[in-house]
Amino acid sequence: MPERPESRPTPLGVYDKPTRERMSPAEAIALILSVLWLFGAGLFFLLLQDPNVQSNASFDPLNFVMVLLAIFMPVALVWVAATAARSSRVVREESRRLHSAIEAIRTSYLAEVQKGMGRASDESIAKKLDEIADAQRKTETALATFHSTRAVEAAARVVQAEPEPAAAEGQADLPLELGPEANRPPLARDVFVTALNFPETAEDEEGFAALRKALKDRQAANLIQAAQDVLTLLSQDGIYMDDLRPDLARPEIWRRFAQGERGRVVAALGGIRDRSSLALTAGRMRQDPIFRDAAHHFLRRFDQMFVEFEPTATDQDIAELSETRTARAFMLLGRVAGTFN
């Protein structure tokens, strides 16, 4: 478990009612100045004046008002300044208390969020590590699978590259010896479907045997080579057919696709719902011309194969074919390329 970050404790008294001080320093200074001023003014007007002038002088209201102003006006100004200082101090204190309260609320909220997300972050990190390990194992398996079948595929490509002799007009039929493919029995459907799924692991002897048999058939070898190319390119973006869980379409929808129907009728064939795989594939189709050419070549090969496969295939054969890695790649690329529109 992650260590809980230490949070600063809420200052005591933040949420309490502030206590009023009896006298602030400013008020004490104002009181001292007022006493001194009153004492000095009283000493001046009462003791330092000439008694003869004071006894002969009559009462003058203006003089009396001036004397009052001279005595009490400075005292009033001093207390106005003291009151302003006290108000400023109160405002600063309230601002400090408000800031402390906000900081305490923020700290408490962050602590709760980190406490709630701590376990989730650990689980997400562990999940990411598991995904990286799974991707590495799949890459190693794919490399081992493709390496073991490279020699057989090379031989198949050599056979495919041999030009077919063109028959000239009027030329008599010659008793030429037929190649080995003419005498080879047709590829069994179960072997073909197993080959399209590719070997599960490096120890899948049945899968490798089916793949070797399929590579000896020219049309099957063309499709398997095209599927291998797109699966390798998709694995570079971390897209593996084993991770996809498409919505499988019914066999009659596959048959309608083979018969040339398009649009909403066969839209269920694009049953891939993985948004990340669709987004990565669409971006690669737009930006990478090599990937785009390989994808369109694969789509054409699969389309041609299925047109020939469908008339003699049972619903069970079509259902098994739709669950192979090659068929999932066709669903993914077909939906991105708009094949089913």
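Guide: Let me begin with how helix directions are compared: axes are lines fitted to C-alpha atoms, for helices over the stretch in contact, and angles run from 0 to 180 degrees between N-to-C directions. Please also keep in mind that this is a predicted model.

Visitor: Fine, so at what angle do H9 and H10 cross?

Guide: Helix H9, residues 289-309, and helix H10, residues 315-322, cross at roughly 160°, and their axes come within 12 Å. That makes H9 roughly antiparallel to H10, since angles over 145 degrees count that way.

Visitor: And which residues of H9 meet H10?

Guide: On the H9 side they are Met305, Phe306 and Phe309, and they meet Asp317, Ile318 and Leu321 in H10. Sorted by class, the contact of H9 with H10 has five nonpolar, no polar and one charged residues. As for handedness, H9 passes H10 in a right-handed crossing.

Visitor: Let me step back a bit. How many helices and strands does the chain have?

Guide: The chain has eleven helices and zero strands, and of its 341 residues, 30% count as buried. If you take the contacts in the chain with a separation of 6 or more, residues 24 or more positions apart account for 80% of them.

Visitor: What about H11, is it buried or exposed for the most part?

Guide: Ten of the 13 residues of H11 are buried, so this helix is largely enclosed by the rest of the structure. The buried residues are Arg325, Thr326, Ala327, Arg328, Ala329, Phe330, Met331, Leu332, Leu333 and Gly334.

Visitor: What covers those buried residues of H11?

Guide: The cover includes helix H4 (189-197), helix H6 (218-235), helix H7 (251-258) and helix H8 (275-287), together with H9 and H10.

Visitor: How far does H11 reach from end to end, and what follows it?

Guide: H11 spans residues 325-337 and reaches 18 Å from its first C-alpha to its last, which is close to the 18 Å expected at 1.5 Å a residue. H11 is followed by Gly338, which has a positive phi, near 80°.

Visitor: Speaking of phi, which residue has a positive phi although it is not a glycine?

Guide: Phe198 is one to look at, with a positive phi of about 65° although it is not a glycine. Phe198 lies in the loop between H4 and helix H5 (205-215), and Phe198 is buried, because its relative accessible area is 6% and the cut-off for buried is under 20%.

Visitor: Back to packing, then. How do H4 and H6 run, parallel or antiparallel?

Guide: The axes of H4 and H6 come within 10 Å and cross at roughly 20°, and that makes H4 roughly parallel to H6. H4 passes H6 in a right-handed crossing.

Visitor: Which residues meet there?

Guide: From H4 you have Phe192, Ala195 and Leu196, and these meet Ala220, Leu223 and Ile224 in H6. The residues of this contact of H4 with H6 divide into six nonpolar, no polar and no charged.

Visitor: And at what angle do H5 and H6 pack?

Guide: H5 and H6 pack at an angle of about 120°, with their axes 7 Å apart, and that makes H5 oblique to H6. The contact is made by Leu211, Ala214 and Leu215 of H5 and by Ala220, Ala221 and Ile224 of H6. By class, the residues of the contact of H5 with H6 are six nonpolar, no polar and no charged.

Visitor: Changing topic, where is Gln259, and is it buried or exposed?

Guide: Gln259 sits in the loop between H7 and H8, and Gln259 is exposed, with a relative accessible area of 57%. The C-alpha atoms of Gln259 and Val307 are separated by 7.3 Å, while the two residues are 48 residues apart along the chain.

Terms used: Residues are numbered from 1 along each chain as its sequence is written. This is a predicted model: local features need pLDDT of at least 70, side-chain atom pairs count only at pLDDT 80 or more; totals for chains, interfaces and linings use all residues. Side-chain values use heavy atoms; hydrogens and water are left out. Helices (H or I, at least four residues) and strands (E, at least two) are DSSP runs, numbered from the N terminus. Angles under 35 degrees count as roughly parallel, over 145 as roughly antiparallel, 65 to 115 as roughly perpendicular and the rest as oblique. A crossing is left-handed if the near helix is turned anticlockwise from the far one by less than a right angle, and right-handed if clockwise. Contact means heavy atoms within 4.5 Å. Ala, Val, Leu, Ile, Met, Phe, Trp, Tyr, Cys and Pro count as nonpolar, Asp, Glu, Lys and Arg as charged, and the others, Gly among them, as polar. The expected span of a helix is 1.5 Å times one less than its number of residues. Buried means under 20% relative accessible area, exposed over 50%, partly exposed in between (1.4 Å probe, protein chains only).
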